[in-house]
Amino acid sequence: MSKNTVSDRFRKVDVDEYDENKFVDEEDGGENQSGPDEAEVDDLIRQGNLNAALHAVLKNPPINTKNQNVKERAVLLVLKVLSGFKSSDIEKSVGSLDRAGVDLLMQYIYRGFEKPNDNSSAMLLQWHEKALAVGGVGCIVRVLTARKTV
């Protein structure tokens, strides 16, 4: 018998550490996430600066929190901002977002589709069309496969 087969050094290596399919639940401390600043967003809406309001509402998403009330408030605030835009301004606003911003916007759009109200579906479809044009199909795939949602 050779010396290598008698050795047990290989048994001390944790092979699960190198498994790419190993699930690790990441805790990013989402308990203290409060979502977007409602006062800042409302102030920007009152000033008529909807593009800045869109950036502000997407700035601090409550992705890591488990508090559903915070998530619902954030969705309602985003829908309030999105409904204030004119159809002609949507494309320019979506174009001003980076890839992560478009993905986050698409998450909020799909959350809006979950609970539609009076005329929100038509407005959300316009936003979906423009976000799809900027983010591509990959944006939809990233939203639908995301583990952490808004």
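Contact here means heavy atoms within 4.5 Å. This is a predicted model, so local features need pLDDT of at least 70 and side-chain atom pairs count only at pLDDT 80 or more, while totals for chains, interfaces and linings use all residues. Residues are numbered from 1 along each chain as its sequence is written, and side-chain values use heavy atoms, with hydrogens and water left out.

I will start with the overall make-up. The protein has seven helices and zero strands, and along the sequence the pattern reads α-α-α-α-α-α-α. Helices are DSSP runs of H or I with at least four residues, strands are runs of E with at least two, and both are numbered from the N terminus. Of the 150 residues, 33% count as buried. Buried means under 20% relative accessible area, exposed means over 50%, and partly exposed is in between, with a 1.4 Å probe and protein chains only.

Now helix 3. Which residues of helix 3 are buried? In this helix, residues 50-59, they are L50, A53, L54, A56, V57 and L58. The cover over the buried residues of helix 3 includes helix 2 (38-47), helix 4 (68-83), helix 5 (90-95), helix 6 (99-114) and helix 7 (120-145).

Take helix 2 from that list. Helix 2 and helix 3 pack with their axes 8 Å apart, at an angle of about 170 degrees. That makes helix 2 roughly antiparallel to helix 3. Axes are lines fitted to C-alpha atoms, for helices over the stretch in contact, and angles run from 0 to 180 degrees between N-to-C directions. Angles under 35 degrees count as roughly parallel, over 145 as roughly antiparallel, 65 to 115 as roughly perpendicular, and the rest as oblique. On the helix 2 side, the contact is made by E40, V41, L44 and I45, and on the helix 3 side by L50, A52, A53, A56, V57 and K59. By class, this contact of helix 2 with helix 3 has eight nonpolar, no polar and two charged residues. Ala, Val, Leu, Ile, Met, Phe, Trp, Tyr, Cys and Pro count as nonpolar, Asp, Glu, Lys and Arg as charged, and the others, Gly among them, as polar.

Next, helix 4 and helix 6. Their axes come within 10 Å and cross at roughly 100 degrees, which makes helix 4 roughly perpendicular to helix 6. Helix 4 contributes K71, E72, A74, V75, V78, L79 and L82 to the contact, and helix 6 contributes L105, Y108, R111 and G112. The residues of this contact of helix 4 with helix 6 divide into seven nonpolar, one polar and three charged.

The chain end belongs with this pair. V150 lies in the segment after helix 7. Is V150 buried or exposed? V150 is buried, with a relative accessible area of 2%. Leaving aside neighbours within four places in sequence, V150 is in contact with P61, I63, K71, L104, Q107, Y108 and R111.

The last pair is helix 6 and helix 7. Their axes come within 8 Å and cross at roughly 130 degrees, and the two helices are therefore oblique to each other. The residues of the contact of helix 6 with helix 7 divide into 15 nonpolar, five polar and three charged.

M106 is in helix 6 and, at 0% relative accessibility, counts as buried. Not counting residues up to four places away in sequence, M106 touches H128, A131, L132, C139, I140 and V143. The C-alpha atoms of M106 and L132, 26 residues apart along the chain, are separated by 8.4 Å. H128 lies in helix 7 and is buried, with a relative accessible area of 14%. With residues up to four places away again not counted, H128 touches M106, I109, Y110, F113 and I140. R99 is also in helix 6, but R99 is exposed, with a relative accessible area of 58%. The C-alpha atoms of R99 and G135, 36 residues apart along the chain, are separated by 6.7 Å.
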